[in-house]
Amino acid sequence: MELGMIGLGRMGANMSERLVRGGHRVVGYARTQESVQRVVRFGAEGVRSLADLVEKLRPPRVIWLMIPAGDSVDQTLATLQPLVRPGDTIIDGGNSYYKHTMRRAAMLSEHNINYVDVGTSGGIWGLTEGYSLMIGGPRDAVNKLRPIFETLAPGPDKGWGHVGPNGAGHFVKMVHNGIEYGMMQALAEGFTILKRKKELDLKIDQIAEIWRHGSVVRSWLLDLTARALKDDQELSDVVPYVADSGEGRWTVFEAVDLDTAAPVITLALMQRLRSRDTTAFADRLLALMREQFGGHEVKRGS
């Protein structure tokens, strides 16, 4: 098959390369020519505008968006919609909020343009390991895209699937990322406890390696943790600031809307937010409260 790829950051470029290796024709566009040239080097074709990308593809066209969630998706769709034709398909492989996806799909359906949402997991390792693809959209449109999904996934019959109508793919990916928050937090806390038991002189990189084989907590996240700890057990040059893509927040909001308890995911999100508190005002105020009611000593300084 052939398709256009819009957004050639690291993940979009890696996906393009995997598709080219799998025998697909890829036409790539990004805002910078440096990014375009990156994919041209392994066999994709590069263009300088969205109009050029649409012109290069034979109808019915398939155009994959691999761009940040939010306004950039709406802006790109606003530019693309007059250029594409009925029967064409636009895929959003980013981390869009599922309700936005449903709105965009309804808007494009008025022009008989298919919209498919693909929650994509695999990060920088997807090029070699394959991507987990959670797909939402019209069944007929999804079935026509099977060769693309089979190439990107870890195998033709594993790691991908059509999970429901428009919005379902991004909803499933949202919950996937919420679960990921909890798993990451548990690993981080566990290794912190091990590291602070100074009298036992534990080597946490060794323990990570032991747990990777046969343990009930073995996982890809543990593999990556072991890899990081092998290089540096102290992590002294890493700033303790943890960002979030927004999907953990959306998962927590959805849990509240559904009256569903999700304490682990919620607390993991709160811990990420706490990591960004450079002033620790709440902790300072707590110390003062203890001083006020109990006369407890307050440590003072900068």
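Analyst: Patches are made of residues with over 30% relative accessible area and no salt bridge, where like charges are joined within 9 Å and nonpolar side chains (Val, Leu, Ile, Met, Phe, Trp, Tyr) within 5 Å. The structure shown here is a predicted model, in which local features need pLDDT of at least 70 and side-chain atom pairs count only at pLDDT 80 or more, while totals for chains, interfaces and linings use all residues. Residues are numbered from 1 along each chain as its sequence is written, and side-chain values use heavy atoms, with hydrogens and water left out.

User: Which residues make the nonpolar surface patch, and what is the relative accessible area of leucine 288?
Analyst: The patch, of about 620 Å², is made by Phe281, Leu285, Leu286, Leu288, Met289 and Phe293, the areas coming from the Shrake-Rupley method with a 1.4 Å probe and with only the protein chains shown as cover for residues. Leucine 288, whose place is in helix 14 (residues 281–294), has a relative accessible area of 33%. Buried means under 20%, exposed over 50% and partly exposed in between (1.4 Å probe, protein chains only), so leucine 288 with its 33% is partly exposed.

User: Why does valine 20 count as buried, and which residues is valine 20 in contact with, leaving aside its neighbours within four places in sequence?
Analyst: Valine 20, found in helix 1 (residues 10–21), has 19% relative accessibility and therefore counts as buried under the cut-off of 20%. Leaving aside neighbours within four places in sequence, valine 20 is in contact (heavy atoms within 4.5 Å) with Val26, Phe42, Gly43 and Ala44.

User: What makes lysine 56 and glutamate 45 a salt bridge, and which parts does the pair tie together?
Analyst: A salt bridge is a side-chain nitrogen of Lys or Arg within 4 Å of a carboxyl oxygen of Asp or Glu, and the side chains of lysine 56 and glutamate 45 meet at 3.7 Å, N to O, so the pair qualifies. Lysine 56 lies in helix 3 (residues 50–56) and glutamate 45 in strand 3, so the pair ties together parts that are 11 residues apart in sequence. The relative accessible area is 40% for lysine 56 and 28% for glutamate 45, and both values fall in the partly exposed range.

User: How many salt bridges does the structure hold, and how close are the N and O atoms of arginine 276 and aspartate 244?
Analyst: The structure holds 18 salt bridges. In one of them, arginine 276 and aspartate 244 have their closest N and O atoms 2.5 Å apart. Arginine 276 lies in the loop between helix 13 (263–274) and helix 14, and aspartate 244 in the loop between helix 11 (220–231) and helix 12 (247–257), so the pair ties together parts that are 32 residues apart in sequence. Aspartate 244 is buried, at 18%.

User: Why do strand 3 and strand 8 stand at the edges of the sheet?
Analyst: Eight strands form an open sheet in the order 3-2-1-4-5-6-7-8, with mixed pairing. Strand 3 (45–46) and strand 8 (160–164) each have a single partner strand, so one side of each is left without a neighbour in the sheet. Strands are DSSP runs of E with at least two residues and helices runs of H or I with at least four, numbered from the N terminus. Two strands pair if DSSP finds at least two bridges between them, so strand 7 (residues 132–136) and strand 8, with four bridges in the parallel sense, meet that condition.
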